[in-house]
Structure formats: C-alpha cells, structure tokens
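Look through the sequence and the model first, then read the points below by topic.

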Amino acid sequence: MGEIIRIKKGFDIPLAGAPSSKGKDDRLTTLFAVTPDDFPGPVWKAVVKPDDAVSAGDPLLIDKASGKVCLVAPVGGKVKEVRRGERRHIEFISLIKEGDNQSFSFDKTGGSVKDLILRSGLWAMMRQRPFDIVPDPEVAPRDIFVTAFDSAPLAAELLDDDIAKWLEAGLEALASLTSGKVYLGIKAGSGISSKAAEVYEFEGPHPAGNVGTQIAAIKPVNKGETVWTLDAVTAAKIGKLVKTGQVDFSTTVAVTGPDVKDPQLVKTTIGASIETLISGNLTKTEGIRIISGNVLTGTRVGKDGFLHFPYRQITVIDEGDDADEFMGWASVNPGKFSVKRSFPAFLRGFSKPFHFDARIKGGHRAMILSGEYDKVFPFDIYPEFLLKAIIAKDIDKMEKLGIYEVAPEDFALPEFVDTSKIELQKTVRDGLDYLRKELS
C-alpha cells in the first residue's frame, strides 16, 4: 500500500447527470478529427491534404521544429478537410473512416522506447511541466508523474480491466525514459500496486485527481527542472505498444450532464464526431451547451464538433439564456447553488445534485484579495499574487511565486468560485506561453 495523502482544499461540484455503469459500443461514427490546439507547444505542420488516403497510424501533422513529434490518424480512410482559420492556422484535420479493419501496429524492433512512442503519436498525449506543453524529446525529465483517477465533475473511472492489464508495462517503459522516478497517484482504497513506480494514494475532493495536485504533494517542480505528466490510460496504451507493437486509439467516453436523458459510457475512437455520440440522448435540442470534457476545463463544441483531448467525457448543460428567475440574482430559490452561504441551498447540503447552467451569474470586476481561491487551491503558493504577476508580465515575481509548478487546469476551481468572474485558466495559459517565449 502506498502512502496516503489527504487533500483538504478543494470542492466536488454537485452536478446532475452522472454516468451509469452501463455502456454501449459506438459503431456508427464515420467522421473523426484531430485538433492540433489540443496539443500545445509544437508548431504543427500538416503533411496531408484533402482526399488523401490514410491508414490508421499515418502521420497527419508533425512538429516543424524537430520533425520528431507527430499527430497520427486514429482511423483509416480518407482526409475530408484540412480546416484553417486566421493566418492559415490549422483548426483541425477531419477524416472519413472507410473499412472495418482499423487495427494498426508498429515495428517495435530496432529502435528505442522513445522512438516507438514518438512514431506512434502517443508522445503528444503526455505533458511537460513547466509550461504544460507536449514534452521536448531532447530534454530528459527529472521524474514522471502518472495519475490513475479523474476527480473532475461527472468523470468516469479511468481504469478498466484492459487498461489495468497494460498499466504496469507502461510504467516500466516510462521508467526507462528518466533517471529519476515514476510516481503513480491512485485513489485511496483502489488497491493498485506497482514495481516500476512509487505509488501514492490520494483522498479528498477535486482536484485530488489532477496530476498538478499530486506533484505539489509529492515533489514540486523547481526552476530549471522538467517533469512529464500523463494519465493511466495513456500509460497503458504505451505499455500495450511496447509489448505488442499495437496502438490502441479506442476510448471510453462518459456522456454526462443534466440535459442527457441516459448518462452512460460509450466506447468509441478518439476524435469521434460529437453528433453521433449524443444523438437521441438529449432532453432538448435548443438552448444547450455541449462541452467536450468536463465543465471546468472542457472545450465548448457544437453538435458538428469532435471529441477533444483527453477524449474521455462529453457534458451537456443548459445555456441559461432563456432563464427567467423571480428577483434575478437576488432570488432565494433553494435550487440555486453557491459555494458560499448566499442562498438557502446550503441548508440542504450538497449531496443532492444541482442542475447547473452556463450563466456566469455576475459581472467582471477587479480581482478581490479575499482568500476565496485558497479554499479550493491545494498548492503551497499564493494564487492571487501569482495571477497578478502574470497579468503584469513580471517574470521575476512569476518565478518566485511558483509559475513553474502550475498549469491552467489547476486554476479551474478558483475560476469557478471567483467572485470577479475572471478567466483565470486563460490568464495562466497566456502567462505560461509568454514566459516560454521570453526564456527561449
């Protein structure tokens, strides 16, 4: 049994629409896409064009700088579109799946583990701290951190029998990529053990499952150090690749939220079309917000959108643009939620789910040093002062206040409870990008 670490600062948002244990296989989706913005760091260059035939595992985009990191086709078929936005920025590459045989494998002989992971496309599913970007293959990490559970709102369990089967092999492969240690963060009581990694058990509210929280509790990142992070699903895919040469781009998606008729698990392929996954399973078709991911860190998409990395969840909530509440913001409706004791809802407790919508329910104003971030931010740093340093672009203060430890997702809960309604995750992302540019 690993050491137990208790996370006291955090909050579990009581959102309605948790997935049931039952699920189904998605056999109807034929349209898929790879979105390069899901993989920050590299400048991506498309190596295919519309109507090109591709096999599963063929490169679609490569990193311009190194030419080593690539994003590959999750299915075989034909390139439908290379969608570009302003200044020819690649928004996504869509594929039409053709044929039933979608298995693919790589020659696992004659090369290193690193080369195999790079060629498979799985490298891009890891992250590097500092900067929360796709790891640089030329920089060896101090340590590698793997999280085996997701504590985000309505998230499903990461581990199933197939993932557990290959996880240890993945941890062994990761251990060969660092002179340091591999750390595995698990949910307390899950009983997972490993010979290749040091295991730590975490208990407490979200963000206990975030890898940043686990790094801060085990061994924080200091200036000049680099660590890699990933989840157990990706680690298991690496294990299967190293042992068999096969890449598995299947994924289990939790279709969740208060506007889903039957919240459930759906087995599909990464990058699948959203429309097929939610078709016929919504309580209404207008006035809704579809999110690829969870409500805190997910990406807003339309019905014609696609699954975004990390490809594990879809959440559907009310947009809230047609809400008409008596007394508006001053309503004393017991169904109205607040983390503070502002409404009568706190009397009933938070065990019963709430039907949240997408309204901000407040106006933008200056950041208030009230300490409200600290109640849900389990890092040993001062979040308000770090954010102010980022906004001021003061690199010295950013470094002293812990910029190298954090990623945007670490500020998702502070953004949720923020009285000032500031886009904290965007602020952190912009700060990390600015710092990386200035230091390069």
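Predicted model: local features only at pLDDT ≥ 70, side-chain atom pairs only at ≥ 80, totals over all residues.

Two strands count as paired if DSSP finds at least two bridges between them. With that in mind, the bridge partner of Pro59 is Val72 in E7.

- Three strands make up an open sheet, ordered E4-E6-E7, with antiparallel pairing.
- Strand E4 (44-46) and strand E7 (70-72) are the edge strands, each pairing on one side only.
- From one strand to the next, the twist averages 25°.
- Strand E6, residues 59-63, is joined to E7 by three bridges, and the two run antiparallel.

**The sheet E3-E9-E8-E5**
- Another open sheet has four strands in the order E3-E9-E8-E5, and its pairing is antiparallel.
- Its edges are strand E3 (31-34) and strand E5 (53-54), and each of these pairs on one side only.
- Seven bridges connect E8 and E9, which pair in the antiparallel sense.
- Within this pairing, Arg83 has Phe92 in E9 as its bridge partner.
- Arg88 is in the loop between strand E8 (77-84) and strand E9 (90-97).
- Is Arg88 buried or exposed? Arg88 counts as exposed because its relative accessibility is 58%, and the cut-off for exposed is over 50%.

**Strand E19 and its neighbours**
- Strand E15 (residues 250-256) is joined to E19 by three bridges, and these strands run parallel.
- Strand E17 (residues 288-292) is joined to E19 by five bridges, and these strands run antiparallel.
- Thr315 in E19 takes part in both pairings: Thr315 is the bridge partner of Thr256, and Ile291 stands opposite Thr315.
- Why is E19 described as largely enclosed by the rest of the structure? The reason is that five of its six residues are buried, where buried means under 20% relative accessible area.

**Backbone features**
- Most residues other than glycine have a negative phi, and most peptide bonds are trans.
- Arg88, which is not a glycine, has a positive phi near 60°.
- Lys393 is not a glycine either, and its phi is positive at about 55°.
- Lys393 is placed in the loop between H6 and helix H7 (395-400).
- His206 and Pro207 are joined by a cis peptide bond with omega of about 20°.
- Pro207 lies in the loop that runs between strand E13 (198-203) and helix H3 (211-218).
- Phe309 and Pro310 are also joined by a cis peptide bond, with omega of about 10°.
- Pro310 is located in the loop between strand E18 (299-301) and E19.

**A nonpolar surface patch**
- Which residues form a nonpolar patch on the surface? They are Leu369, Tyr382 and Phe385, which together have about 360 Å² of accessible area.
- Tyr382 belongs to the loop between strand E19 (313-318) and helix H6 (383-392).
- Tyr382 is exposed because its relative accessible area is 56%, and exposed means over 50%.

Note on methods
Residues numbered from 1 in each chain as written. Heavy atoms only, no water. Patch = residues over 30% accessible without salt bridge, like charges linked within 9 Å, V, L, I, M, F, W, Y side chains within 5 Å. Areas by Shrake-Rupley, 256 points an atom, 1.4 Å probe, with all protein chains shown as cover. Salt bridge = Lys/Arg side-chain N within 4 Å of Asp/Glu carboxyl O. Buried < 20%, exposed > 50% of the residue type's maximum accessible area, 1.4 Å probe, protein only. Axes fitted to C-alpha atoms, helices over the stretch in contact; angles between N-to-C directions.
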